[in-house]
Amino acid sequence: MPRTMLSLEQALSLQQKEVRQLYKHYANSGFASLLSLLDFDKDFVKAQGVKLWDRAGNEYLDFLGGYGALNLGHNHPSIIQAIDKVKGLPVLLQASLNKLVAALAHNLASITPGNLKHSFFCNSGAEAVEAALKLARAATGKERFLFCQGAFHGKTFGALSVTGRDKYKE
């Protein structure tokens with residue numbers, strides 16, 4: 001049976017009850033149940049810096065910050081201003097030389113101790129682990145890696161090989 005796609009406008013207008021149902025059916029039902037039991041499944045409608053607001057106008061402090069991805073907080077004015085400057089430009093095309101990537105690599109080399117010659121940009125921690133494994137193998141010529149029991153490095157093939165948790169490997 002074909003399903004209809006939800007547009008951005010439809011997604012933004014979903015009621016919290018509908019969001020819970022979609023989470024339970026298509027995303028993470030356990031997470032949805034847990035947040036519901038704890039009364040943490042708030043409908044946050046605004047975010048600025050480290051603050052969040054729910055539909056009822058209650059203010060919260062965000063101590064998770066996107067698990068470290070929002071180190072400048074939500075909707076930081078400098079970030080929004082920078083996004084406005086590049087709005088409409090192509091996003092990192094793998095088959096082109098991008099002036100913003102070149103400038104970022106230069107800037108990183110300028111502020112990094114030592115004589116940094118190359119930077120590798122990636123989209124996730126698992127991708128960074130994959131690159132680190134390949135770099136370590138290329139630099140040492142060794143084919144085996146030490147890892148910590150209980151560690152988690154991602155769910156890609158190489159990252160799983162050095163993840164010390166059997167439940168993810170299985």
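Q: How many helices and strands does the secondary structure of the protein come to, and what makes a stretch count as one?
A: The protein has eight helices and three strands. Helices are DSSP runs of H or I with at least four residues, strands are runs of E with at least two, and both are numbered from the N terminus. This is a predicted model, in which local features need pLDDT of at least 70, side-chain atom pairs count only at pLDDT 80 or more, and totals for chains, interfaces and linings use all residues. Residues are numbered from 1 along each chain as its sequence is written, and side-chain values use heavy atoms, leaving out hydrogens and water.

Q: How do you know how confident the predictor is?
A: Look at pLDDT, the predictor's confidence in each residue, from 0 to 100. The mean for the protein is 87, and 95% of its residues reach 70 or more. Among the elements, β3 has the highest mean pLDDT (93), while helix α8 (residues 166-169) has the lowest (81). Where pLDDT is low, the predicted coordinates should not be read in detail.

Q: Why is L52 called buried?
A: Buried means under 20% relative accessible area, exposed means over 50%, and partly exposed is in between, using a 1.4 Å probe and protein chains only. L52 has a relative accessible area of 13%, so L52 is buried. You can find L52 in strand β2 (residues 51-54).

Q: Which residues is L52 in contact with, leaving aside neighbours within four places in sequence?
A: Contact means heavy atoms within 4.5 Å. By that rule, L52 is in contact with F44, K46, A47, N58, E59, Y60, D62 and H74. One of these, D62, is ten residues from L52 in sequence and 6.5 Å away in space, C-alpha to C-alpha.

Q: Is I111 buried or exposed, and why?
A: The relative accessibility of I111 is 68%, so I111 counts as exposed. I111 lies in helix α5 (residues 99-111). From I111 to R137 there are 26 residues in sequence and 27 Å in space, C-alpha to C-alpha.

Q: Why is D39 called partly exposed?
A: D39 has a relative accessible area of 46%, and therefore D39 is partly exposed. D39 sits in the loop between α3 (29-37) and β1 (44-48). D39 also has a positive phi of about 60°, although D39 is not a glycine.

Q: What makes N75 count as partly exposed?
A: N75 is at 41% relative accessibility, so N75 counts as partly exposed. Its place is the loop between β3 (59-61) and α4 (77-86). Here too phi is positive, about 50°, although N75 is not a glycine.

Q: What radius of gyration does the protein have, and what would a compact globule of 170 residues have?
A: The protein has 21 Å, whereas a compact globule of 170 residues would have a value near 15 Å. The radius is taken over C-alpha atoms, and the globule rule is 2.2 Å times the number of residues to the power 0.38. The C-alpha atoms fill a box of roughly 55 × 45 × 40 Å along the principal axes.

Q: What percentage of the 170 residues count as buried?
A: For the protein, that figure is 16%.
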